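Subject: The structure we talked about

Hi,

Here is the structure I promised to send over. Have a look at it first, and then read my notes below.

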Amino acid sequence: MRLTSLAVLVLLAACNKAKSAAPGGGGGGMPPMPVEVAAAIRDTVVDAIQATGQIEAVQSVELRPEVDGRIVDILVAEGEGVAAGTPLFKVDDAELKAQVARAEADRDVAQRGLERTKQLMAQNASSQADLERADAGYRAAQASYDLLKTRLDRTVVRAPFSGVVGRRLVSIGTYVNSQTPLISLQSVNPQHASFQVPERYAERLRRGQLVSFQVAALPGKNFSGEVIFVDPVVELPARTILIKARVPNPERQLQAGMFIEARLATDIRPNAVVVPEDAILPLQGSTYVWVVKEGKADRREVTLGVRTAGWAEIRGSGIEAGDQVVVGGAERLFPARR
């Protein structure tokens, strides 16, 4: 929005057709006064809640191995971006390989035994109980093989989702178990903008609302996202409600932990009437605007809505788009006598 103003002459609203009693019998009203005016316009305004918060990763995990053993290979560098399923670490698997080979042999023996028992059953040379025992033996051997094979596969630690790995906490030769942290992994695109608002705004919160914010570490840049989570529980003792917005981050500028100043849009009015902020005159607990019409100034009481840098929304009646409002010289005006 751009302010375009004009300097005009208006009659004092207080003249009320009063006549001067100056000596010599000369009569006349009070002289016109120069003021500066600008037009009220229609524009889109956004009713918003301001809050502070931080950037959070959509997914974040500290990876640990699922089998015990020594680290024999590190397959990723710190800070590297990885795709889901990418191998990151290799745990020594020599012993598990031997166990898998033995389990595979036991399974094959059990399978051949089951097949012979079935053949004997067909010749009435074996009982139903023998067949059931052979079948159970084969299924147990297969389950043992599958279990060991799964453990062998898990000697390779893989990324559970796409993201960027953090600081590595182990080296080659480190003996690890399921409690040993190896490395952190965080998703980077998109990110979450997380902040809290007072509970008095509860009725104005919903998913899908627009959030715009700035990051202290990235001055001059604006970001925006969409609310995807409104906590149904009010947090004590501050009595606030947690909000999370999903924010695109294709250039990886937003990092988890960054401080943000957010504006949550709760209502958007595309045809609101706005006037320059210089037209607003607070007086004795009320707010007024001087309107110039046909060379005369009229003071009108108004109700303000959203205020932004240089502009103020007028709610309800009092000012219409196109009205000329006084933005300079209002101190020379005063209301008409009744």
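To start with the strands: how many bridges join strand β2 to β22, and do they run parallel or antiparallel? Four bridges join them, and the two strands run antiparallel. Before going further, please keep in mind that this is a predicted model.

**Overall picture**

The chain has two helices and 22 strands. Of its 338 residues, 35% are buried. If you take the contacts between residues at least 6 apart in sequence, 74% of them join residues at least 24 apart.

**Around β22**

Back to β22, which covers residues 324–328 and is mostly covered, with four of its five residues buried. On the β2 side (residues 33–39), E36 stands opposite G328 of β22. Strand β22 also pairs with β18 (residues 286–293), again in the antiparallel sense, over two bridges. There, V292 has Q324 as its bridge partner. In general, strands of a sheet pair through backbone hydrogen bonds, either parallel or antiparallel.

While you're at β18, click on T287, which lies in that strand. Its relative accessible area is 18%, so T287 counts as buried, the cut-off being under 20%. Leaving out neighbours within four places in sequence, T287 is in contact with I280, L281 and P282 on the one hand, and with R300, E301, V302 and L304 on the other.

The loops on either side of β18 each hold something to look at. Q284 sits in the loop between β17 (281–283) and β18, and its phi is near 50°, a positive value in a residue other than glycine. E294 is in the loop between β18 and β19 (296–301), with a phi near 55°, also positive and also not a glycine. Q284 is exposed at 79% relative accessibility, and E294 is exposed at 77%.

**Two cis peptide bonds**

A cis peptide bond joins N189 and P190, with omega about 5°. P190 is in the loop between β11 (183–186) and β12. Another cis bond runs from L236 to P237, with omega near 5°, and P237 is in the loop between β14 and β15. For context, most residues other than glycine have a negative phi, and most peptide bonds are trans.

**The cores**

Which residues have the most contacts inside the largest nonpolar core? They are F195, V197, V211, F213, V215 and L254, in a core of 23 residues. At least two residues each come from β3 (41–57), β12 (191–198), β13 (210–215), β14 (222–230), β15 (240–247) and β16 (259–276). The most come from β15, which gives four.

I268 and D47 are 221 residues apart in sequence, yet 6.2 Å apart in space, C-alpha to C-alpha. Not counting residues up to four places away in sequence, I268 touches T44, V45 and V46.

An open sheet of four strands runs in the order β8-β7-β5-β10, with antiparallel pairing. Its edge strands are β8 (156–158) and β10 (175–176), each pairing on one side only. Three bridges join β5 to β7 (residues 87–91), and I74 stands opposite F89 of β7.

β5 (69–74) and α1 (94–122) are the elements that give two or more residues to its lining, and α1 gives the most, with four. The residues lining the pocket are D68, G69, R70, D92, D93, A94, E95, L96, Q99, R151 and T155. By class, that makes two nonpolar, three polar and six charged residues.

That's what I have so far.

Cheers

Notes
Residues are numbered from 1 along each chain as its sequence is written. This is a predicted model: local features need pLDDT of at least 70, side-chain atom pairs count only at pLDDT 80 or more; totals for chains, interfaces and linings use all residues. Side-chain values use heavy atoms; hydrogens and water are left out. On a 1 Å grid over the protein atoms alone, a cavity is a set of points where a 1.4 Å probe fits but cannot get out, and a pocket is an open set with protein on both sides within 12 Å along at least five of seven lines; lining residues have an atom within 4 Å of a point. Ala, Val, Leu, Ile, Met, Phe, Trp, Tyr, Cys and Pro count as nonpolar, Asp, Glu, Lys and Arg as charged, and the others, Gly among them, as polar. A nonpolar core is a set of buried Ala, Val, Leu, Ile, Met, Phe, Trp, Tyr and Cys residues joined through side-chain atoms within 4.5 Å. Buried means under 20% relative accessible area, exposed over 50%, partly exposed in between (1.4 Å probe, protein chains only). Two strands pair if DSSP finds at least two bridges between them. Contact means heavy atoms within 4.5 Å.
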